[in-house]
Amino acid sequence: MTDQAVDTGGSELSEGIRSPAAADGHFLGRTRELKELLIDIERAGLDTLSGRKAPRARVLLIAGQPGSGRTALAEELVRQVAHRYQDGVLRARLSEPDGTPVPTERTARELLTALGLPTPPGAAEDELGQTVREALGERRALLLLDDAVNAEQVDALLPDTPGCLVVAVSRGPLTGIADVRPCTLGGLDTKSALELLTRYTGSVRITVDPSAAEGLVEQCAGQPAALVLAGGWLAARPQAAVADLARHLRSRDDQGPPSARIFRLSYADLPGAPQRMLRLLSLAPAGVVDPHTASALAGCSVEAAGTVLDDLTSLGLLRRADSPLRQYEVPGCLLTLLRALADSEDRPGELQLARARMLERTVRLLQSCRAITETDSPQAREKLASLPRALRFSSPRAAEDWLRARQPALLAAARLAVADGELDTLARRLMAALVRAMVAHFGTRAAAPELYGIHRLVLDIAVRRDLPREQAAALLNLADLDAQTGRTAEALARYRSALDAGRRANDPYATGRAMESVGGAHQELGDYDRATDWYGRALAQRLARDERAEAARLYGRLATVHTYAGRYGEAQRNWRAAIAGHRRNGDVAAHARALSELARVQEYAGRPEESLRTCQEAVEWARRAQDTRLQAALQLRLADTLERLGDPAAAGLHRGAAERLLADGAQQGDSEPEQSANACEIRSTSAED
């Protein structure tokens, strides 16, 4: 995907910022802490000392403030011991960049996806946590849980096997987890801190004034985040001595941790446009930003935004994300400072406008992401051609890769837009575009867990804004996903709520769909009388609106329920009505299938001769419909019926015909098209979506 600029006027953003070479990512220091952690892995736990087998995984805790290098230490520990765990390393972040705890449900889904296991949409938090623990109980894996807020988050995912190791990263102790081994971080040792500075400044400035360098390390309290910012400040000023930075810091009256003091110094030296962009990056969902997000927030070109992002990264104010795309992360220790600056220096209206620009850009990218999959549609090709070059994808594969890499940030954008409450129209457009893009690239079934969360967000907006049509659509979508995962009682309750919302909106589509779905839920629960009643109500509405194809299909659903209930006479009458409807509508394939089902019911009712005649008629209609599979199935049914009627020779002929049909179909690559559930449209969105 190209990053060519769409708009102009952003060239000033790069003015005054130099871009020093990126620092080497080699791990520094923490020799003592690593040694203690490695020893703790082997040390006997309290259960072992008391003669009992350890019931759960060993938990190592790395505690420290943001910016202390706690995650880097955890990653280095994982790198050194990963070979001991043949089932691999799993990673999860337990809090948002602003410190908000991530729901265990979401974390469990991410871990199950990483394990290649299904994640039922809408499953409860306890169920998903138990599934994770059971899955890890059969494995020898290493689990890295970063930014844990409390012990409950870790405990919910703790494997019930001593074969796994859990490395947790947190601000403080995880009280409540038995036998946890804590490692509390302070600053880096002086040698390692000086080496970190040297990566940015080169060795000369450190060597010529070692006492000033050591004084700067002391002012930074050995904190890696503060040292990176200090190194970035010096690297951008080749003529400045280390003592100059130390003097600047001593002369400032700033309070707070060292990283905050150096950040304010670096921020004050930035030109106005980069300052503004940096402040606005605090609005980026999940603290992850790409050039498109930055350009939309700042109102500049994509190219200029990318240049400034690289420059800010060189200064230590951002860091490159581990991603196949060009993405950056806002350090958690700076996020609060940036938000405070945005609140104090930007008007609320400007911040809201920046959010709106970001959401609008995201919607257009999602539209482009979907349109690239619809190359057979002239309308889609025309829409794609009308988009600016910077918003187009080079291929469907490039669009899918972008969607996968950006999915966490896109879902976070949807959650933040709904929580904001002031941009509900844009939030609805964003979620509609996200649903369509995910279905187009991943399919409804694969994307179901994420779609469930999106539909819940749609429902939140619909309830808040009192939008009954959107409420009905969201409830129908959620109920469908509940039904697909076996939560029929929950689905039934949502279908009834959708019916009420559809009636309030005077929406015949939603009410008809809801009544039919209520009938389907009762059918699944084995309450055939109520199922018949609700199917009958839905049928009456279809007939009143002269919706013939839907009426014919509903006759078939009524017939199926009567068959389950053993009311074969009613079932036959309804199948005949369905057959007549399909014949009038000219639907040859549906006509053949309905005849096939009528033959089945006649056989159940003890009328094999009638079933034989109906089945023969169905074979003829299936032949007209060119449905090879149905023809073969009907030939087999004919064979079974003829055997019961005492004609094995004729039965053998029909079995042979069925085998030939199936063989011919296999040679021609005949396969039944995959049936996928159709998500109910998110209603009342802009026509351009």
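## Strand β4: buried on both sides

In this predicted model, strand β4 (residues 165-170) is mostly covered, with six of its six residues buried. Side chains in a regular strand alternate between the two faces of the sheet. Here, Leu-165, Val-167 and Val-169 point one way, while Val-166, Ala-168 and Ser-170 point the other way, and all are buried.

β4 also has neighbours to pair with. Strand β1 (residues 58-63) runs parallel to β4 and pairs with it over six bridges; Leu-60, for instance, has Val-167 as its bridge partner in β4. Strand β3 (residues 142-148) pairs with β4 in the parallel sense too, over five bridges, and Leu-142 stands opposite Leu-165.

Elsewhere, three strands make up an open sheet, ordered β6-β8-β7, with antiparallel pairing. β6 (288-289) and β7 (319-320) are the edge strands, each pairing on one side only.

Take β6 and strand β8 (residues 328-329): they pair over two bridges in the antiparallel sense. Val-288 has Glu-329 of β8 as its bridge partner.

## Helices α21 and α22

Now for a helix pair. The axes of α21 (residues 444-465) and α22 (residues 468-484) come within 8 Å and cross at roughly 150 degrees, which means α21 is roughly antiparallel to α22. Their crossing is left-handed.

Who does the touching? On the α21 side, the contact residues include Leu-451, Tyr-452, His-455, Arg-456 and Leu-459, and on the α22 side they include Glu-470, Ala-474, Leu-478 and Leu-481. Sorted by class, the contact of α21 with α22 has eleven nonpolar, three polar and three charged residues.

Conventions:
Residues are numbered from 1 along each chain as its sequence is written. This is a predicted model: local features need pLDDT of at least 70, side-chain atom pairs count only at pLDDT 80 or more; totals for chains, interfaces and linings use all residues. Side-chain values use heavy atoms; hydrogens and water are left out. Axes are lines fitted to C-alpha atoms, for helices over the stretch in contact, and angles run from 0 to 180 degrees between N-to-C directions. Helices (H or I, at least four residues) and strands (E, at least two) are DSSP runs, numbered from the N terminus. Angles under 35 degrees count as roughly parallel, over 145 as roughly antiparallel, 65 to 115 as roughly perpendicular and the rest as oblique. A crossing is left-handed if the near helix is turned anticlockwise from the far one by less than a right angle, and right-handed if clockwise. Contact means heavy atoms within 4.5 Å. Ala, Val, Leu, Ile, Met, Phe, Trp, Tyr, Cys and Pro count as nonpolar, Asp, Glu, Lys and Arg as charged, and the others, Gly among them, as polar. Two strands pair if DSSP finds at least two bridges between them. Buried means under 20% relative accessible area, exposed over 50%, partly exposed in between (1.4 Å probe, protein chains only).
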